[in-house]
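Have a look at the structure first, then follow along.

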Amino acid sequence: MSIRLETIRECFEGIIPGHIATSDTEGIPNLAYLSQVQFVDNTHVALSYQFFNRTRQNILADSPVRLLLTSHLTAAQYRLTLKYLRTETAGPLFEQMRAKLAGIASHTGMAGVFQLLGSDIYRILAIEQVAGPTIAPPPPPLNYLTALRRATNRLAGCTNLECLLETAIDCLVDEFGIEQLMLLMHDEGRGRLYTLASHGYPVSGIGSEIPVGAGVIGICARERCPIRIGFMTSEYAYGRSVRASIAADGHGDALESAIPLPGLPEAASQMAVPITAAGRLLGVLYVESLADLHFGYDEEDALVAFAALLGLAMLHHQQADDFADEPAASEEDSPPTGGPPLAVRHFAANDSIFLDDDYLIKGVAGAILWVLLTDFAERRRTSFTNKGLRVDPRIRLPGVSDNLEARLVLLQRRLEERDTGIRLSKTGRGRFTLAVNRPLTLLES
Amino acid sequence: MLDSDNAAFIQTGVSISLAASGGDRLPSMSRGLGCKLVDGGRQVAVFIKPSQSEELLDNIRRSSRVANVFSLPSSNRTLQLKGLDARIQPFEVADLPIIKAHIADFVAEVLPLGLPEEVVRTLFAYTVDDLVMVVYTPVAAFSQTPGPKAGEALDAKP
């Protein structure tokens, strides 16, 4: 029976380095060690091009290529016959390999030495298992297909975005056994990702932001491909990446990092998976661990499939909320407010909102809150709809592609965390109410 | 070709790989289970399992040209030797202690890196009737330790 490449991917992680053999035009063989092999699909792999060495010269001189790969789980060895096709120096595959190599370099004391110059793509012509004894692999930590099946069922039971987000986090924890994770949404207009949910950190970091292109999360968003690193590397540490990216961007302001990103400062394994639907990037799912090589190809496959499902469900709920019918206009009697007044200050330049001098939120979510509170103060209005917000000229939503419902969840969660007497609650599809239990003083700056 | 430092290096707990190419330039390679120096240090003899190396051994019989890499996992120090006169010789039981010592050295080298001992010992499992020796004279040596000097030819030193 022929061996399918997807079934031997543990050999690619570099735990036991692979060997590559080539020949020069005279047939003189050459051998070298590989720091990584990247699975592309069942008939293609990519190898890292880091130095212009003899292997590289031979490949460019059309040498046939043989790899010897070894499983660190079973001790099985495989000989692969390859044909070089082309080299990529940018794009998703290149970024996936560059990130992984940074981890490997740092782990093997080769930081600054290993640098990806290109991703060499090869077609697999043959895979042969080398004769010899093997041992049974240890049982996998969990069955990802079962996890995916159960998660699919649970997500299918959700009737709105808020439930979907909560269930998604629960599924990742319960079904996939992930202990630290963040879910970030894409702000297309600003080229940022904002944290909408997290699990496993001392502080939630809801509302914290990361620029597209910064660190593992930002590169995943920019390239719309999973980025996975198996060892700790300062090159991709998000604190540093975010600061550098904001500084380089020139658009950063002090509020950019007002809410710190959650995250493990010493994360060894990191994986970010894009959440896309209908050709759009909706967000990024990020998981991490203190353990080396905690996430492999199987975990990546499982989370990519989960994120695809989540993306479709998000898109569905967003559209359903946006097009839900406007309720009969009725201004309800809000309960009397008491206690000391809460000063709400709005800065129109960036739509930032401060509650009693403490930063709450900015951007679209800030603009929404200001409109809600203004209507409340002027007309005691407490019932709102997504549809109404979308056409409200005071908010200036970036467009129909904006995930308004996600902004509302963000706002709702930030208000809950701050516990200042302002609450938002869903009352139905595309509808929500505002509850204010303190007198407000609205200040426009 | 091989100075005393490199001669000692290839006989430590290094990972060993031996390759030879076929008439169509397609190379094949196998892991070595240890090595020794012969002919007063002028030649290298690598122990290979024929059951894993049919194509490699055919290529050696055809061309006599080999590439041989030695790499120490803990330091990444890597050396490649090339030979043009490789030949296959029967294994001598007297060399068994070399293989045993090599496997023990390699296990000691990779266990701290997190590899399970059972995996390493399975990888190097052998039977005495499934061993041969490939002997060649190194005519070129290259440092392949990753870095700016990778691939540089090493000057011949006595």
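**Ground rules.** I am working with a predicted model, in which local features need pLDDT of at least 70, side-chain atom pairs count only at pLDDT 80 or more, and totals for chains, interfaces and linings use all residues. I number residues from 1 along each chain as its sequence is written, with chains lettered from A and ligands numbered from 1 in the order in which they are written.

**Confidence.** I looked up the predictor's scores for the complex and found an ipTM of 0.95 and a pTM of 0.89.

In chain A I traced an open sheet of 7 strands, ordered β2-β1-β5-β6-β7-β4-β3, with antiparallel pairing. Strands here are DSSP runs of E, at least two residues, numbered from the N terminus, and two of them pair if DSSP finds at least two bridges between them. At the edges I found β2 (29-34) and β3 (37-41) of chain A, each pairing on one side only. From one strand to the next, the twist averages 35°; the axes are lines fitted to C-alpha atoms, and angles run from 0 to 180 degrees between N-to-C directions.

**β6 and β7.** I then checked β6 (residues 77-88) against β7 (residues 118-129) in chain A: they run antiparallel and are joined by 10 bridges. Across this pair, A:T81 stands opposite A:A126.

**A:I124.** Is A:I124 buried, partly exposed or exposed? This residue of strand β7 in chain A counts as partly exposed because it has 18 C-beta neighbours inside 10 Å. The cut-offs are 20 or more other C-beta atoms within 10 Å for buried and 12 or fewer for exposed, with partly exposed in between and C-beta atoms placed from the backbone. Leaving out residues up to four places away in sequence, I listed its contacts as A:L5, A:T43, A:H44, A:V45, A:L80 and A:L82; contact needs C-beta atoms, placed from the backbone, within 7 Å. I also noted 9.8 Å between the C-alpha atoms of A:I124 and A:D41, which are 83 residues apart along the chain.

**A hairpin.** β18 (residues 422-428) and β19 (residues 431-436) of chain A run antiparallel, joined by 6 bridges, and A:K426 stands opposite A:F432. Their hairpin has 2 residues between the strands, and there A:G430 takes a positive phi near 75°.

**Domains.** I found chain A divided into domain 1 (5-129), domain 2 (144-322) and domain 3 (342-444), with bounds from an automatic or database domain assignment. Taken over C-alpha atoms, the centres of domain 1 and domain 3 of chain A are separated by 52 Å.

How values were computed
Helices (H or I, at least four residues) and strands (E, at least two) are DSSP runs, numbered from the N terminus. Two residues are in contact if their C-beta atoms, placed from the backbone, lie within 7 Å.
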